[in-house]
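The following exercises are to be worked with the sequence and the three-dimensional model at hand. Each task is followed by a solution in steps.

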Amino acid sequence: MKQTEREHESVEKAVTGAGQAGPDKGKEGGAARPQSWRQYIEQAEAAEKQAEREAARARAARTKREKRSAAALKERAKGALDNAKTALGGAKDALDGAKEAMDGAKAALSRARAAGKRLRRGPVREKSVQEKAGRQEPVREKAAQAAAGTEEKRSRTRHPARFGRVGLAAAKVRGVVERHPVSPLLYVTLLAVIIGIGSFNGSYIRAYAMNVNGQEVGVVSSPDEKDAIVSNIESRASDILGEQFDYDADISMTPVYVAPGELSDTAQIEDALFNDVGALVTAYGLRVDGQELGYAPTKDDLYQLLDEVAQPYLTPDTIRYQFVEDVEVYSIEVPANTQYDVEAIRTTLSQLRVEQSTYVVKKGDTFNAIAYSLDMWPNELSVLNPDVIVDKLWVDQELVIQQAVPFLSVENTTEETYEQEIPSPVEYIETADLYIGDSKVKEQGEDGLERVNAHVTYINGVEQGREILATETLKEPTTTYAYTGTTPRPVTASNGYFIWPVRGTITSNFGGRNLWGSYDFHLGLDIACRTGTAIKAADGGTVIKSGWSGSYGKLVAIRHDNGYVTYYAHNSELLVSVGQKVYQGQIIARAGMTGNASGPHCHFEVRINGTSVNPRNYLR
């Protein structure tokens, strides 16, 4: 408790006056008793307690207003240090005052002893000295007690081993208290302050609140950590952008006191600030069957491109569409300075993945052999060439072996409602007048009509299948009655298709041609071969001509069961006669060059209802 200068002077004067009082003044009792040092200490203690109570109330009120933050911790630490300094100053002043009071008491005791010696010299002063000694007796007793206490304290101090370190510390504290008998509350206060300072220093450390553009982002232990964070951000951004990047944010550091566990993770601060830099932005990529085609700033840009690809294959009846290929639109982080090229993606999507190619038929080729040589199944080749008769190939004929395929194939599903015929049901009547496998209509019925609702699936506009959802009959069909044969087919019966009468090079096709400088329409095929080569019947039937026939030379003509007629001309020898039944593959003549012919060959002709047609369309 700090002592004022005025109080200190009044105590000093009182003690000094007591020591200088003469015998006459003591005898007469005219002077007032001086204030003792203990009374002063009691008053000081009372004042100290009052001040402590007021300080406690003030601290309680201040504590309620304070918030738990780095700034509040700093203020509390500063306040604790100031209070400790104030308390230590007051304790020092109080000890100084007590020391001065003790010095005054010692001086008074010395003067009392001197007065006693003078009394022994003369009887006149004896009474006065005795009275004075009586008044001073309490002071001597107290001094003796103080000396005894000091001796006991010194004894304990000389033997600290009995109490250990704790005993030694306690002995030192008791020694200080006995030498300076100030209020124990003061020592308790000082001890509490010292413990509080030590506890604060052990619980909190000095750190720095890092503020970026006016917003606190975390607490770091030193400015060096801030510099490391900024350096890492600049390095990461430069690597991504491919150019120098300077982090120019407004960064400030505020000193704070925090618990060690309250320090922020610098990696998290770095990641948060790096994300705000904007070195990376979210873009959208397009991938087709695992192949990346490019990036666009928004996914709507890519969806628009895909819609453009699908649009030519969509119809008003489309209910859904999808791509045959695996198409994926996905998000991706790209550098902020990325240049997007949506047009390049559009160009890629609009091109053909595979171009159409063809195969030219050569001499000796067959349909199946061509398919196998191209690593295809015959039915796959047939799908690519729906109009080609597999048994009627000719030299230089072109077959499609690979269709043009767009980069993205569109599978389009439509819901269609349409009308279609209901085929007339056929009821067969057996007859011996027909061969087995042949049939003939006795009474033709009528087809019916129905309305159909279906889901139809197309790929690139080509139908792949349909699912019938519902049907409604609009007109019932009537029954067709037909005969079916029961008679076994003879060898000479027609099979319904033609084989090649001879193998050789086609020297003249069906159709217009220039012959000897003038235009001519050729009615069949000229198949070159050596003279005497066997000529075979293209199908079973009945010989209707066998002899010379003008420009045809030696001719054989066969009528087949379906009414078709085949001609074999320019022969050197005829081996069948009119009315004879022949079977398919039977040798009917020998090749030659009779009639109008420039060399040995077989002129093969097919007539239907008297009109010549292209034999290639009927040959296998």
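**Exercise 1: Leucine 523 and its surroundings**

In this predicted model, leucine 523 counts as partly exposed because its relative accessibility is 30%. Locate leucine 523 in the chain and identify the nonpolar surface patch that includes Leu523.

*Solution.* Step 1: leucine 523 belongs to the loop that connects β20 (518-522) with β21 (525-528). Step 2: together with Tyr519 and Phe521, Leu523 makes a nonpolar surface patch of about 330 Å².

**Exercise 2: The partners of β21**

Determine which strands pair with β21, and in which sense.

*Solution.* Step 1: strand β18 (residues 506-508) runs antiparallel to β21 and is joined to it by two bridges. Here aspartate 526 of β21 is the bridge partner of serine 508. Step 2: strand β28 (residues 601-608) also pairs with β21 in the antiparallel sense, over four bridges. In this pairing, histidine 601 in β28 stands opposite alanine 528.

**Exercise 3: An aromatic pair**

The structure holds six aromatic pairs. Classify the pair formed by tyrosine 564 and tyrosine 618.

*Solution.* Step 3: tyrosine 564 lies in the loop between β24 (554-560) and β25 (565-574), whereas tyrosine 618 lies in the segment after β29 (611-613), 54 residues apart.

Conventions: Residues are numbered from 1 along each chain as its sequence is written. This is a predicted model: local features need pLDDT of at least 70, side-chain atom pairs count only at pLDDT 80 or more; totals for chains, interfaces and linings use all residues. Side-chain values use heavy atoms; hydrogens and water are left out. Patches are made of residues with over 30% relative accessible area and no salt bridge: like charges are joined within 9 Å, nonpolar side chains (Val, Leu, Ile, Met, Phe, Trp, Tyr) within 5 Å. Accessible areas come from the Shrake-Rupley method with a 1.4 Å probe; for residues, only the protein chains shown count as cover. A salt bridge is a side-chain nitrogen of Lys or Arg within 4 Å of a carboxyl oxygen of Asp or Glu. Buried means under 20% relative accessible area, exposed over 50%, partly exposed in between (1.4 Å probe, protein chains only). Two strands pair if DSSP finds at least two bridges between them. Rings of Phe, Tyr and Trp (its six-membered ring) pair if their centres lie within 6.5 Å; planes under 30 degrees apart count as stacked, over 60 as edge-to-face and the rest as tilted.
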